[in-house]
Amino acid sequence: MRAQNDAGRRTRRRWSAGAVGTTALLVLTGCSAEVQRGWYPGTRETTNHNAQLTDLWVNSWIAAMAVGLLAWGAMIWCMVAYRRRKNDQGFPKQTAYNVPLETMFTAIPILMVFTLWGFTDRVQTEVDRPVDDSPLTVTVYGKQWSWDFNYSYEQENGEVIEAHYSGIQAQLDGTEGVRDTLPVLYLPNDVPVHFELKSRDVAHSFWIPQFLQKRDMVPGKTNHLYLTPQELGSYDGKCAELCGEFHSEMLFNVEVVDETEFVQRLEEMEPGQVGEEYSRNPNNNPDGAGTMERDLQTPRGGGSH
Ligand SMILES: [Cu+2]
């Protein structure tokens, strides 16, 4: 008996220690910037859209938590209040078809879904609104397994610079410093950018996690992203669509630099742009496909050799 009591006390003590620990953790982390942005990468200022996107995310979680607490509370209350008592006999009173209750159970979730949809739609419409007068257009080609960045930048004096960077695949062989060899996308700070997203072969997806936006790159189609970087610094970029064997090595760096440095970087790059002529999609570029077929020695239509 004594041993049992001791064990019980130990369990209780462990439980209360756990509860104190959890509460302390919540209180201590409650005010940190990380929690405030719902563990999202970047900050509210990384691009002109980050604040809105973060708010949508965090507020959705707060709403979900409130609904969760209500539902769990109601469940636990029912389990306790209507538990089987010592002298209960047989089944409890059986009920069915409570129309008001069932109407409520249908109406409330529909209302919640539409509310969530309403807020999502509002943010999405705002974030995806085309910006017609971006001085900078970056046409990005995803390709197995790297990136081509084409820049067309209209300077304040009206002069347009066209330049490109054609990336080669990263070699992740475990040696240090590979990150520095990745293709770099340069962006000027505080300048609105229009991204035209294309693919040279299969479906890819353009993703800079800290910018909180990601968009598919579909062969034969151009997708668009509009944003303004607002914080100088380095960011990671990657492909977010499984696109083949070396998908995981389809990485790039993003450097947000001031306007003067940006122009300098453009001047160091190859002039002009690399377009569809390097694409591999047989529907969009029959010549490119022909070259590829010769390279791979795969006769069209299953030749007889
Ligand atoms: Cu890819």
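This is a predicted model: local features need pLDDT of at least 70, side-chain atom pairs count only at pLDDT 80 or more; totals for chains, interfaces and linings use all residues.
Trainee: What percentage of the 305 residues of the chain count as buried?

Mentor: The secondary structure of the chain comes to 6 helices and 11 strands, taken as DSSP runs numbered from the N terminus (H or I, at least four residues, for helices; E, at least two, for strands). A residue is buried if 20 or more other C-beta atoms, placed from the backbone, lie within 10 Å of its own, exposed if 12 or fewer do, and partly exposed in between. Of the 305 residues, the percentage that count as buried is 19%.

Trainee: Are H3 and H4 roughly parallel or roughly antiparallel to each other?

Mentor: The axes of H3 (residues 50-81) and H4 (residues 99-127) come within 10 Å and cross at roughly 175 degrees, an axis being a line fitted to C-alpha atoms over the stretch in contact, with angles from 0 to 180 degrees between N-to-C directions. Residues of H3 including Leu-56 and Val-67 meet residues of H4 including Leu-116 and Val-123, where contact requires C-beta atoms, placed from the backbone, within 7 Å. Given that crossing angle, the two helices are therefore roughly antiparallel.

Trainee: What is the count of buried residues in H4?

Mentor: Although H4 has residues that meet H3, among them Met-112 and Phe-119, this helix is hardly covered. Among its 29 residues, the count of buried ones is 0.

Trainee: Which strands stand at the edges of the sheet, each with a single partner strand?

Mentor: An open sheet of 6 strands runs in the order S8-S5-S1-S2-S3-S11, with mixed pairing, two strands being paired if DSSP finds at least two bridges between them. S3 (residues 160-166) pairs with S11 in the antiparallel sense over 2 bridges, and in S11 the bridge partner of His-164 is Glu-270. Each edge strand has a single partner, so one side of each is left without a neighbour in the sheet; these strands are S8 (223-227) and S11 (270-271).

Trainee: Which strand do 6 bridges join to S10?

Mentor: S10 (residues 251-257) pairs in the parallel sense with S4 (residues 184-188) over 5 bridges, and there Tyr-186 stands opposite Glu-255. In another bridge of S10, Val-256 is the partner of Gly-233. The strand joined to S10 by 6 bridges, running antiparallel to it, is S9 (residues 233-239).

Trainee: Is Leu-187 buried or exposed?

Mentor: Leu-187 is found in strand S4 and, leaving aside neighbours within four places in sequence, is in contact with Val-193, Pro-229, Val-254 and Val-256. With 25 other C-beta atoms within 10 Å, Leu-187 is buried.

Trainee: In which loop is the place of Leu-212?

Mentor: Leu-212 has a positive phi of about 60 degrees although it is not a glycine, and, with 23 C-beta neighbours inside 10 Å, it counts as buried. Asp-190 also has a positive phi, of about 65 degrees, but counts as partly exposed, with 13 such neighbours. The place of Leu-212 is in the loop between S6 (204-208) and S7 (213-217).

Methods
Residues are numbered from 1 along each chain as its sequence is written. Angles under 35 degrees count as roughly parallel, over 145 as roughly antiparallel, 65 to 115 as roughly perpendicular and the rest as oblique. Two residues are in contact if their C-beta atoms, placed from the backbone, lie within 7 Å.
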